[in-house]
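Please look over the structure shown here before reading on. The report below is written for someone meeting this structure for the first time.

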Amino acid sequence: MSSLRRVNTLRAIAKSARTRIGSNIFNHVDQELQELAAVARINPEKRKNLLQLLHAIRSLETALKEEFRLVIRWAQSSGNSRASRMDNLGI
């Protein structure tokens with residue numbers, strides 16, 4: 001599978017999550033994934049690989065941060081005592 005097809009697959013997953021969750025944070029994920037596809041034309045190869053890694057990590061970090069927020073919100077609404085411990089961690 002080409003890297004462009006992988007990026008497009010990840011963008012489709014992010015779009016699905018955005019519609020399912022209703023959060024605009026996945027717009028940021030999509031922007032990072034667009035950058036990931038755009039740096040495929042950069043030379044030299046080492047620089048291209050570094051930029052691809054950077055944008056992939058940033059998109060993953062943004063998506064995970066939003067998922068953690070949703071889990072905390074769910075835990076707080078259900079009265080779970082773990083929610084307060086997670087809040088203390090700053091998550």
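The model is predicted, and the secondary structure of its protein chain comes to four helices and zero strands, which along the sequence gives the pattern α-α-α-α. Of the 91 residues of the protein chain, 24% count as buried, while the chain exposes about 6700 Å², with carbon and sulfur atoms supplying 55% of that area. Among the contacts in the protein chain with a separation of 6 or more, 38% are accounted for by residues 24 or more positions apart.

Helix α1 and helix α2 have axes that come within 9 Å and cross at roughly 175°; because angles over 145 degrees count as roughly antiparallel, α1 and α2 are roughly antiparallel to each other. The residues that make this contact are set out by helix in the table.

| Helix | Residues of the helix | Residues making the contact |
|---|---|---|
| α1 | residues 3-21 | L4, V7, L10, R11, A14, A17, R18 and I21 |
| α2 | residues 25-38 | F26, N27, V29, D30, L33, Q34, L36 and A37 |

Helix α3 spans residues 45-77 and contains L60, and T62 also has its place in helix α3. Is T62 buried or exposed? T62 counts as buried because its relative accessibility is 15%, and buried means under 20%. Leaving aside residues up to four places away in sequence, T62 touches I25, H28 and V29.

How values were computed: Residues are numbered from 1 along each chain as its sequence is written. This is a predicted model: local features need pLDDT of at least 70, side-chain atom pairs count only at pLDDT 80 or more; totals for chains, interfaces and linings use all residues. Side-chain values use heavy atoms; hydrogens and water are left out. Helices (H or I, at least four residues) and strands (E, at least two) are DSSP runs, numbered from the N terminus. Buried means under 20% relative accessible area, exposed over 50%, partly exposed in between (1.4 Å probe, protein chains only). Contact means heavy atoms within 4.5 Å. Axes are lines fitted to C-alpha atoms, for helices over the stretch in contact, and angles run from 0 to 180 degrees between N-to-C directions. Angles under 35 degrees count as roughly parallel, over 145 as roughly antiparallel, 65 to 115 as roughly perpendicular and the rest as oblique. Accessible areas come from the Shrake-Rupley method with a 1.4 Å probe; for residues, only the protein chains shown count as cover.
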